[in-house]
Structure formats: C-alpha cells, structure tokens
Amino acid sequence: MGPGLSGGERPTTTVLLLGPVEVEVAGARRRAGSPMQQALLAVLASQPGRTWTQAELVEAVWGSSAPDRAAASLHTHVWALRRLLGAEHIVRSAGGYALVLPDDACDVDQAQAAPLAASRAVADGDPERAAAVLGDALGLWRGSALAGVPGLAADAHRAELGQLRARIAEQLVELLLGLGRPDEAAARLAEVVEADPLRERSSALLVTALLAAGRRTDAQRELTRVRRALREELGLAPGAGLQRLAAQLDADGDGSRSVPRQLPARTAGFSGRAAELQQVVAAVVQGSDPGQDGALVAVTGAGGLGKTALAVQVAHQLATAFPDGQLFGAFHAHDPSGVERTAADVLPGFLRALGTESEQLPFSLDEQTTLLRSLLHGRRVLLLLDDVPGPDVVRALLPASGGCAVLVTSRRAVPGLVAREGAHEVVLQPFSTAAGVALLHGVVDRDRDDGPVASAPRQAARLVGLCGGWPLGLRLVASRLARASTADLDRAVAELVDVRTRLHRLGVPDDPQSDVRTVLQWSVDELSPGARRAYGAAGLLPEGSASAAVLAAALAVPEPDAAAALAELADHHLATATPRDVGAGFLVLHDLVRLHAQQEARTWSETVRRDGLDAMLSWYERACGAVLHAASPTTDGDDADEGRSAVLAELGVHDAGAAGRWLAERDGELRAVVRTAAAARHPAAYRLVETLRLRLFDARPLDPRQSVAELVAGWEPVVELARAGAARDGETELQSRLSTLLATFAAYGSRYDDALRLQREAAEQSPDGAHTGRLGWRLYEAGRYAEAAEQLAVAVERPQATLTARSSLSTYLADALLADGRPEEALAVAERTEALLAEHADDGALDVVAVVTNTRRLGRLHRRLGRPRPARALLTRAVELGRRESLWDELGWAALELAAVEDRLGDAPAARRWLHRALPYARTFLPFAQDELARFPELDAAVRPFVEQLARLDD
C-alpha cells in the first residue's frame, strides 16, 4: 500500500482482491486456497461485517450449478479460510458467517477511499498529493480483479471493480492534465482502455491527453478504433464528446479552419499559486470535457493580486487541450490608461481570427454573437477575457455548445455568472508567507540555495509581511533586489517599515500598471460615493476592520446604508465581509489596502476625519460598556442606563454567553481601537481600557482560549499607551488605576520588582489611601513579608475601607503573617475574616466575587497551617459558591486545593476526584497554580504530576 493512501499502521491481516485473490498475514502473502475458496472469500470481503446466510453464500459461490453437497463444501471452505486468516476474522453466528477485518484491511476498501481522499487534497490546495493518492490506488491492481475466480457473482463483482478502476484513472487523468503531465495521463488511460475498450469517457479522455501531448496521429488512431468498436460490437454511434473530437481532428486535418493563437506571454517566474492554478485547471478541464456543456471559470480579486498572470498561465498550460485555438480579449475595465472595451469592440477581432473576412462581418452585435457561436460549434477553443467590465460582456461571448472554455478575470465578484451561467469562481487572496518567500527566492536567488533570500529567511518573511503578501508589490521588491549588485534584504525591509511611505516605495512612477497605489486607486474610483466614504472610514482603524454598525456611526448614516457600502467594497474585492456569530457583518481590509484607505481618509478635511473617528470610538465605548455589563453583573456601570438595552439589541447580544463571544471575537480589534485612539491623542484610549479594566485585572482574557501570559503580552503595551494618555490629559485618578493594572500584569509574569514599582507610582499618582493595601500585596509578592504585613494591617483599619475591601485585605494580611513566620497571628486574622464573611453572607454587603476568592484563600491558609479539616470545609464552600456564581477559575483553583487537602488526609481517591474536577478550568488558573507550587513544596506530591500533564497538553 502506497504512502498516499494511508498514514496509519498496516493491518496484520489483509485481503487482496484486485488481482489473484490472496491474503497477507503477518507479512507473508499466499493464495487464498482453491478457486471456490477464493470465490467464497471474495463474496465475504465484498461487504465486510455483513452476516451472510448459508443459502446466500451457496447462491453467490455456485449459482444455479450448486452441487448437492454445497452446504458441506461451504463449511469445509469456511474452515480452511479460518485457518488461513485466523478464526477471529471469520465469525460464525446463528444467521451465518461474516468476515471481520480492521479498516483498510482489504485492498478494495483502500481503492474505494482514494477518490474522496484525492478530492480533499485538491480542496486543500495539494493536487500533487491528490495525484499520488490516485496513483497509489491504481497501483493496488495486480492485473484483472478476482483473476481466476469462477461464478456469476465473481463476474459481476469483477465488472464493478473494473468500473472503479476506470473512474479512478479518469479522475487521475484530469489532475495530470491540470498539472501539465499529458504523457503520463495518456499512459494511465491506455491501460484502462485496453481493459474496457468500449468505455467512451476513457477513450475521449485518452484522445484529449494524446492531443495535449502533441501526439495527433495516436489520437486519431484511438478515435478511429473506438468509433469502429462501438459500431461493430454494440451497433451504436459515438456520443457527443467523441463526435466533437472527431470534428476537431477532421478540421485540423483538411486545413480549412483558421486556428488563432492569441495568448499573451506568460509571466516570467510565475509562482505561489499552485492551489489556485489547480482549481482553475480542474474547472476548465472538467467543464470542457467531451459531453459537458462547456466551462466558464472566473478568476476574481483585487488589483495587483495576479489574476491575469494566473489566467494566462492556465491558458498556456491547457493550450494543447484546445487544438482549435485560443482567443484573447483585453477589456481594460479597471485601467484608465487604456480605453474600456465592450463585446462589440472584441467580437470583430474574434470573428476574423476564426476565418471570417472583414467584408463578411455582420453589422449588428446580435448577428456577430450568433456567428461566433456558429463558428465555435464543434470546436475546442479557449477564450480568455481579461479585466471584464461586467457579466453582460461575458454572456455575449459565451459559446452555445460544449467543448469550449471561457476563462474570465475581473476585479469584481461575479455572482450573476455563478447563479445563471453556472460559472466556477476562484477568488485570489494575497500570498501566504511561504508563497511570498518562494517568489522572492525564485526571482532574487534564481532558486540557488545560497542566495540572499535563502540565507536570510526571517528577513524575507518580513518583506512578504511588509508587502502585505501582494504579488505586484513583491515582484517590484524582488526585481529591485535582483538588479542590485548586492541584494540587501535588511535595507529593503528598512525602506518599507515606515507606513507613511510604504505605498510610495511600492510604486513605479512611469508605469501605472506596476504601481500598487495606482492599481488600487482604479478600483476605488469606481465606487459609489457612499462606498468610497466607507472605504476611507475603515482606514481610520489600524487593522482596517469595522462592522456595519461602526461604519454607520462614523459616517452618520443608517446602518442599512453602511451595510450596503460594505457589500460594495466586498464586491470590488477591496475588503472581505465576514459574518459574525453575533452582531452585524464585518469588514476586513488587507494590509496594503488598509494603508491605501488611510490615504483616502487623509483627503478628507481634518474636521470630517476627527468627527468620524470620534463617532467610531464613542460607538466602541458604548458597546463595550453594555456588553461587559451583560457578560458579568459585577461590571461597573449605571444600572439605570436605558440606552444599554438598545445597544445590546443592535449588537445581537441577548445573554451572557453571547456577550462573552462578542468580547472573545474582538480582543485584537479592541486593542487596535485603543492604539488608534492613542495615536490620535484621543481620550477614548484610556476610557476604553478603563471600561475593560476590571475584567483584565481579574486575569480574565476577553478570548477564553488565551492564557494569562497571552493576555498580558497582548494588553500590557496597550494599557501603557492608555496610561500615557491619561497622564497627558491630567486624569491622575485614572492614571493611577491603570498603573495598578500594569502592576498586576507584572505580577502575573512574576516580575515582582516591576509590580512594586508600578504600585508605588499608582500611590503617588492618587494618594487616596486605597493604595496602602495594594502596596502591601505587592510587597508580599516581592517576598518582603514583614513590610507587607505592616502595610496591610494599616490598610485593614483604614476607616474608608469598605467591608469587601476589609475582607480581602485581611485575607492578604493573614497570608503575609504566615509567610513572615507568625502563624498564631495569621490564624487570628483568618478567624476574624471568616466571622466577617459569615456575618454578611446573606445581606449583600459583600461583593460576591470577593466572597468566593477570600473563602478559597482562607481555606488555603488553613491547609498551610496544618489544619486540613477547616481547610476542607472552606474550600468546599468556595467550590459551591464558584459553581453558583459561574466563577469557573475560582472553582478550579479551589478544587485543586481540595486535592492537596484530601491527599494530606490520606484519601487518595478523593484527591484524584478533585484533580479531575479541576481539569476543565486548569488553563485559566494554571499560571497561578505553578507559582503556588514554587512557593509551597508540600503541594508537589498531589499536584505536580497534574500540572506537568497540563503542560504536556499545552505543548
């Protein structure tokens, strides 16, 4: 079995039917006994797992010629097969016998799985792997299937397997033609045609492959053979596909037809589009296959992505499959440097190329269209229509019969052609990093392994990123590097780093078609006024993304108008519209398009630009406030805000789950909004972070798939920007709160000295007394326990401290006292705190999150004091409260602590149960648990293996 068919382990027992019937057991292959024994095995293997009755097996093996002792012979053959395969593989039951095999233990099963596996490989952009899978499948045949096996059932099964072989070969041939390997395609089909000389599709594909390989004589010979065989053996005339091929060969032979060859030259060093190339080739080959209605394939995408280069590459690759010619029409729909052309401009040239004299050209467009269809009837011609202005142009040039193919390029989507004419649309996107580096390697290094690109892969990848993966920009950079005496990738990167001049450096002043800015501008100039304004508004955000609701706010238009503008941008491939699980549609601009959109926004007046940015940022502030309140009732906010419900309805957020999804999907977007506001020196930078502060402070990432480390890495620089803005605008109280948040981030990363410094800064920025407790905790984190206890003791007695603050500070104080070697004092403080929590358990005076957290921390304190039973009671209470309030991280951490307590009490099963219960929430609190382990080694025995297991899972 070839590697393309299965990546798993080879079964120890295999049944082989695609040739002489054999079995392979433990690597040893042998014939499956006598012919009748082989027939029995073939029947059982045709449907593994099915129970066959004795009567069914007798009928399948012997048919009407079954001997009187057929039942006894059947038992003998079954006994022999069980000895051959192993008794476990042929199972006897009251109903009869069944063959039991693992998956892929029969070569027929492997062959049947190949077409679907190949289709998936093509969908994944790997046609070479698809061809390998199909080739491996054909390699399973070792001659005629069930060779030498007698019986009508074997004959029928043999015919089915022959059809399977033909279908696999035909699918492989279509791939090979698309990959430019017609000789191999012809060789594959020759075997199939020899086995089934009357199969028209195989013969038609063989003729097509021979023509593509330039073997016209062989193609004519095969066509003559199959036509004669169909007539003499079946009394049938050839089908439409073979008739078209015959007409093409006859026309080429008498020289009566003009054969146009109008394709432009290929792009030198074409690369990076293997998957798209295969998609287009496959669609053209399948649609124009004899017997089909003809192919219509549209390659669409933004300007500068290489649509024409791809289409021309495909056309050249398939030219031999269209022996009656290739027509090329350039419409210049998006090129102001040329005159936009219509079907009326192109048709006369096409007709003359097909042999019509100028004086014989019809006058009207309808008559010319009719003549074109007449001339194309019975021919195989490829029409390449480049940069078309719209669907009507394409419809005027479509052939009326099969055998021809029309390949279209357009900067606009073609939903009408897809819906009405059944077009296959392939949308181009910017290059991936790997594809972009491959292009640079080919052009700059000329594929040498020691070239500058191969020697500096990271800089090459950075260049691809700075060019946004845009093929036109990459080719410009590559050509400059190739012309330089020394290709300096560092310098090329440095020239493109500045976003203000990047588009300028990706231009060619005297060649507008090679200038990224100009090419994009041609598309923008075609937009309606509303869509053009939306384009500029989207450029106001650094990541070029905004929902229809945000655009409506920025443009001061109704949301349906903004959604229509968004759809128009997507139609012109200037943006991608992506549906969200909640909320309205979403607009995303690629990197270079975003820079161009920012240039569009700079053409607005400063007042208009500032008003648009104000409106967008205000929308985000309102949305975040409303969603955070919906996600967590403890979020700060005015419960009487009547506008909150309207905002949530606008966003499609109706419950806490939807609110959580909204935040998760917009984590990167919200950070981008803060960066934009900070760059504009806008107060929304710190106001928005302040809105999110409590959630970030509690180490709850907006996206629950993130770890705490990812949360800090993503948000810490953003909060720094917000804090600088608050300082600039004199918002000292807010600056202080953001300093505290940064101190918390530093502590999450075990940077305790930084945390202490930031907390001291917070105290200096807003000396309201509340920072005394925070400073105490930072001192504790830094290992300065005596100082921590002193600060926390003062904070607990501060008159302004709320009950919630006092309970939390007391818990921290008990921790500090214990760490400082004063367990009696720690226990006394803990008992007073427990009394406070019990006193106000039901009166609502304490924040519920603080109650759960402090209950858990007090349970841990008792565990560390060697008091496991009080610890168990408190931690169990924390688990119950965490579940009731949906505080899953607290529940998980409390469960982890309970595992250590039960282990201390000698109840290993209970410890394992708690560890198992903690597992679903472990990624939320794991960073804290690891820090806990480092501080308190007695947890190691029960918890360390669990933490190591989680680390392995994360790796």
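1. The side chains of T853 and E890 are joined by a polar contact of 3.0 Å. A polar contact here is a pair of N or O atoms within 3.5 Å; within protein, one must be able to donate a hydrogen and the other to accept it, and residues adjacent in sequence count only if both atoms are side-chain atoms. T853 sits in helix α40, residues 848-864. T853 counts as buried because its relative accessibility is 16%; buried means under 20% relative accessible area, exposed over 50%, and partly exposed in between, with a 1.4 Å probe and protein chains only.

2. On the source: this is a predicted model, in which local features need pLDDT of at least 70 and side-chain atom pairs count only at pLDDT 80 or more, while totals for chains, interfaces and linings use all residues. Residues are numbered from 1 along each chain as its sequence is written, and side-chain values use heavy atoms, with hydrogens and water left out.

3. The chain contains 45 helices and 13 strands. Helices (H or I, at least four residues) and strands (E, at least two) are DSSP runs, numbered from the N terminus. Of the 955 residues in the chain, 51% are buried. Contact means heavy atoms within 4.5 Å. Among contacts between residues at least 6 apart in sequence, 67% join residues at least 24 apart.

4. Two strands pair if DSSP finds at least two bridges between them.

5. The pairing can be followed residue by residue. β1 and β2 are antiparallel and share 4 bridges, and T13 has V25 in β2 as its bridge partner. Strand β2 (residues 22-25) is also joined to β3 by 4 bridges, again antiparallel. On that side, V25 stands opposite A28 and V23 stands opposite R30.

6. Both turns deserve a look. The hairpin of β1 and β2 has 5 residues between the strands, and G19 there takes a positive phi near 150°. The hairpin of β2 and β3 has 2 residues between its strands, and A26 in the turn has a positive phi of about 55°.

7. Most residues other than glycine have a negative phi. L146 is not a glycine, yet has a positive phi of about 55°. L146 is in the loop between α5 (127-138) and α6 (152-178), and counts as buried because its relative accessibility is 0%. H573, also not a glycine, has a positive phi of about 60°. H573 lies in the loop between α26 (559-571) and β12 (576-578), and is buried at 13% relative accessibility.

8. Which residues touch the most other members of the largest nonpolar core? In this core of 133 residues they are V280, L407, L463, W470, Y535, W662 and W715. Helix α28 (residues 606-631) gives the largest share, 10 residues. Apart from this core lies another, of 79 residues, among them A70, A121, A145 and V226. A nonpolar core is a set of buried Ala, Val, Leu, Ile, Met, Phe, Trp, Tyr and Cys residues joined through side-chain atoms within 4.5 Å. Leaving aside residues up to four places away in sequence, W470 touches residues including A302, L305, P430, L520 and H590.

9. F350 belongs to helix α13 (residues 343-353) and is buried, at 2% relative accessibility. L327 is 23 residues from F350 along the chain, and their C-alpha atoms are separated by 6.7 Å. Not counting residues up to four places away in sequence, F350 touches L327, F328 and L372, among others.

10. The whole structure holds 4 aromatic pairs. Rings of Phe, Tyr and Trp (its six-membered ring) pair if their centres lie within 6.5 Å; planes under 30 degrees apart count as stacked, over 60 as edge-to-face and the rest as tilted. The W619 and Y620 pair is edge-to-face, because the ring planes are at 90°, with the centres 5.1 Å apart. W619 is buried at 5% relative accessible area, and Y620 is buried at 0%. Ring pairs also link W777, Y780, Y785 and Y812 into a cluster.
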